[in-house]
Amino acid sequence: MSVSFDWGPTKKCFDGSSPPMTLSGVPDGTVQLDIRMKDQNAPNFLHGGGKVAYEGQKSLPYGAFRYKGPCPPSGKHKYRFTVKALDGNGKILGTAKADRMFP
């Protein structure tokens, strides 16, 4: 399983709309994606994430879920999205991660 993302229309400082994402290799049986973001330069700052129903789509549009978007206090920070593929019982079937600098 893999995921990639582009900040796309993400606005600086806590844009609550998730960036566009591309998915591949999502395991059979997946019904939900659990997506979380972490600032690799400030790991104690919680950005949260969201859950999205999975129905075989290859991409998620801007704003597919709500979270606390990036807002580095100075310079650029590296952000990591972790996507977990879940079955109907909440069992993790696969995990993917993607990193990108912002801004």
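Visitor: In which part of the chain is F14 found?
Guide: This is a predicted model, in which local features need pLDDT of at least 70, side-chain atom pairs count only at pLDDT 80 or more, and totals for chains, interfaces and linings use all residues. Residues are numbered from 1 along each chain as its sequence is written, and side-chain values use heavy atoms, with hydrogens and water left out. Strands here are DSSP runs of E of at least two residues, and helices are runs of H or I of at least four, both numbered from the N terminus. Phi of F14 is near 60 degrees, a positive value in a residue other than glycine, and the place of F14 is the loop between strand 1 and strand 2.

Visitor: Is F14 buried, partly exposed or exposed?
Guide: The classes rest on relative accessible area, with buried under 20%, exposed over 50% and partly exposed in between, for a 1.4 Å probe and protein chains only. F14 has a relative accessible area of 38%, so F14 is partly exposed.

Visitor: Which residue has its charged end over the ring of F14?
Guide: A charge sits over a ring if NZ of Lys or CZ of Arg is within 6 Å of the ring centre and within 35 degrees of the ring normal. For F14 the charged end lies 5.1 Å from the ring centre, and it belongs to K68.

Visitor: Which residue forms a disulfide with C13?
Guide: A disulfide is a covalent bond between the sulfur atoms of two cysteines, and here the term is given to a pair of cysteine sulfur atoms within 2.5 Å. A search of the whole structure finds one disulfide. Its sulfur atoms are 2.1 Å apart, and the partner of C13 is C71.

Visitor: How many residues apart are C13 and C71, and what parts of the chain does the pair link?
Guide: C13, which has a positive phi near 75 degrees although it is not glycine, is partly exposed at a relative accessible area of 37%. With 60 degrees about the S-S bond, its link to C71 is right-handed. The pair joins distant parts of the chain, from the loop between strand 1 and strand 2 to the loop between strand 5 (59–60) and strand 6, and the two cysteines are 58 residues apart.

Visitor: What is the bridge partner of T22 in strand 5?
Guide: Two strands pair if DSSP finds at least two bridges between them. Strand 1 and strand 2 pair in the antiparallel sense over four bridges, with S4 and T22 as bridge partners. Strand 2 also runs antiparallel to strand 5, joined by two bridges, and there the partner of T22 is S59.

Visitor: Why is the pair of F5 and F81 called edge-to-face?
Guide: The structure holds nine aromatic pairs, meaning rings of Phe, Tyr and Trp (its six-membered ring) with centres within 6.5 Å, where planes under 30 degrees apart count as stacked, over 60 as edge-to-face and the rest as tilted. The ring centres of F5 and F81 are 4.8 Å apart, and the pair is edge-to-face because the planes stand at 75 degrees.

Visitor: How many residues apart are F5 and F81?
Guide: F5 is buried at a relative accessible area of 6%, and F81 is buried at 1%. F5 lies in strand 1 (residues 2–5) and F81 in strand 6 (residues 77–86), so that this pair links distant parts of the chain, 76 residues apart.
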